[in-house]
Amino acid sequence: MRWTQTFIPTLKETPAEAEIASHKLLLRAGLIRKLAGGLYTFLPLGLRALKKVEQIVREEMDRAGALEILMPALQPPEIWQQSGRYETAKGVLFKAFDRAKKEWVLGPTHEEAITTLMSGELSSYRQLPKNFYQIQTKFRDEIRPRFGLMRTREFIMKDAYSFDATDEGCAAAYQKMFDAYTRIFQRCGLRAFAVEADTGVMGGKFSHEFMVPAETGENEIVSCDACHRSANIEKAASRVAKVPPDAVPARGAGATSSAAPEKFPTPGVVTIEALAAAPFNVPPERQIKTLVYIVADKAVLILLRGDHQLNEAKLTGAVGTAAFRPAEPEEIFTALRAHPGSLGAVGVKHLPVYADEALQGAAGMTTGANEDGFHLRQVEIARDIQAALWSDLRLVRAGEPCVHCGRPLSIQRAIEVGHLFKLGTKYSKALNALFLDESGKQQPAIMGSYGIGIARTLQAVIEQSHDKDGILWPIAIAPCAVCLTPLTVAPDSAVMQLAEKIYADLTAKGIDVILDDRDERPGFKFKDSELVGFPIRLAIGEKSLAKGEVELKRRGGQMTLVKIEDAVPKVLEMLQS
Ligand SMILES: [Zn+2]
């Protein structure tokens with residue numbers, strides 16, 4: 001590749017649209033350009049790097065025994081209705097209409113499509129196991145595309161779907177994908193680690209995400225350094241000490257345990273903070289926070305300690321559906337005859353009450369009285385509140401004790417690059433991917449689903465691997481491994497002739513080389529080469545050439561002089577290491 005013949009529109013200035021380092025560098029290095037919000041064009045060098053990530057993914061999927069196919073991006077809505085996701089995923093489904101005004105779906109994922117394929121093909125356990133994958137463009141009606149390739153409306157995914165006859169078979173398929181993912185991210189030069197992820201309405205242990213630690217990541221990971229466990233915050237649990245029942249710091253010294261809660265006026269007090277302040281002085285951990293949610297069209301009360309936050313992913317697991325939302329003010333008033341800030345569950349029998357485990361056994365608590373301007377104190381959960389469900393519903397906070405060893409948990413931000421998920425029989429039942437087992441009995445196939453964001457992985461590499469001058473590509477996915485930089489480019493000069501010879505030698509050995517044949521100042525060319533981030537730079541100038549030497553530099557390392565005849569072997573050696 002010759003610089004003057006390709007298209008690398010590097011930028012000196014950082015475009016205003018970019019917020020994070022990797023997005024800035026993708027634009028500045030001339031790898032991508034924006035067409036519209038969440039829609040990007042890959043320019044020649046960006047596409048080269050993307051193809052290299054794809055190739056690594058492909059090789060590792062093939063090695064794990066998965067079979068490459070290609071399914072349509074455009075899908076009939078009927079299969080989405082059949083799986084139930086036409087409703088549950090409607091917030092992100094892109095729709096299209098044909099000339100007859102018939103509706104179509106632009107797939108954000110392909111569980112429905114692959115299961116429909118298998119329902120037509122699968123008949124016997126002898127055909128199993130199977131794992132199919134594709135590398136394909138997907139669509140998501142993203143409300144707020146941001147961070148370049150991190151969150152887009154159109155994106156490239158590798159998605160794989162395993163079909164097994166038994167749970168053991170599915171577990172083995174899952175483990176194979178786990179191992180393949182570990183190799184893929186290693187080969188891409190990415191420091192990624194697996195965390196336990198939320199399984200939503202599925203339950204069970206089979207869900208992991210591969211995460212890349214990054215300040216700018218949109219996920220939060222809870223980790224215990226002592227027992228080396230990590231989990232997505234959606235899934236993470238912690239041990240929280242119970243509030244001791246005796247230490248009742250209610251207002252005044254005269255507060256004693258009584259047979260029933262005591263109502264007291266709290267005019268204008270509608271927040272946890274206000275009740276924690278003078279003159280009431282009720283610490284947040286002594287308050288019961290009452291939330292009203294509409295779960296499957298019915299109002300439900302959710303109770304948490306005043307200092308805790310609801311984790312909606314855990315609520316999904318607890319109630320077995322993601323079809324819920326916070327109630328609107330009118331719905332709250334209809335349900336409890338009071339406004340937010342004065343709500344409580346004492347004596348409530350007409351609505352289900354779901355309580356977080358941290359409240360179990362709590363006494364001497366304060367909560368809203370379901371009468372505006374009043375609260376109740378001396379509330380004893382076991383005595384005064386009828387909870388239909390006790391569950392872990394709260395968001396873990398940094399510093400809370402690990403459930404396994406009790407040491408404090410830490411929270412860090414990360415970018416999700418891959419996801420493994422045991423689907424079970426949800427889709428095979430809904431879409432009839434059935435087979436006859438050894439005893440001739442009809443069974444639904446047990447499925448797994450495994451995704452990798454290809455472009456996101458590429459950007460995560462840049463986010464993790466850059467310096468003030470530009471990108472530091474790992475050799476495996478660099479657009480070109482070597483940048484050959486003659487400092488004079490006159491075709492008949494000795495410098496250019498040597499550059500052409502080394503270019504031909506390296507290319508013949510299968511090395512991706514870019515020859516910077518631009519007639520520009522050396523400093524300008526070096527800056528561009530650092531910005532784009534080619535791992536090895538081989539510069540040839542008149543001065544060093546006179547001494548029989550060329551300049552070799554690893555990106556981010558020191559420049560060294562090597563003899564002309566050693567240049568190619570030395571580059572090959574650097575590419576190996
Ligand atoms: Zn631990």
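This is a predicted model: local features need pLDDT of at least 70, side-chain atom pairs count only at pLDDT 80 or more; totals for chains, interfaces and linings use all residues.
How are helix 2 and helix 6 oriented to each other?

1. Some ground rules come before the details. Residues are numbered from 1 along each chain, local features need pLDDT of at least 70, and side-chain atom pairs count only at pLDDT 80 or more.

2. Helix 2 (residues 44-63) packs with helix 6 (residues 167-187) at an angle of about 150°, and their axes are 9 Å apart. Helices here are DSSP runs of H or I, at least four residues, and strands are runs of E, at least two. The two helices are therefore roughly antiparallel (angles over 145 degrees count as such).

3. Where they meet, I56, V57, E59, E60, M61 and R63 of helix 2 face M177, A180, R183, I184 and R187 of helix 6. By class, this contact (heavy atoms within 4.5 Å) has 6 nonpolar, no polar and 5 charged residues.

4. Do look at the largest nonpolar core, with 62 residues, in which L31, I184 and W473 touch the most other members. Such a core joins buried Ala, Val, Leu, Ile, Met, Phe, Trp, Tyr and Cys residues through side-chain atoms within 4.5 Å; buried means under 20% relative accessible area, with a 1.4 Å probe and protein chains only. Helix 6 gives the largest share of this core, 8 residues.

5. Finally, visit helix 14 (residues 522-532), whose buried residues include K525, F526 and D528. Its buried residues pack against helix 2, among other elements. After helix 14 comes G533, with a positive phi near 90°.

Methods. Side-chain values use heavy atoms; hydrogens and water are left out. Axes are lines fitted to C-alpha atoms, for helices over the stretch in contact, and angles run from 0 to 180 degrees between N-to-C directions. Angles under 35 degrees count as roughly parallel, over 145 as roughly antiparallel, 65 to 115 as roughly perpendicular and the rest as oblique. Ala, Val, Leu, Ile, Met, Phe, Trp, Tyr, Cys and Pro count as nonpolar, Asp, Glu, Lys and Arg as charged, and the others, Gly among them, as polar. Buried means under 20% relative accessible area, exposed over 50%, partly exposed in between (1.4 Å probe, protein chains only).
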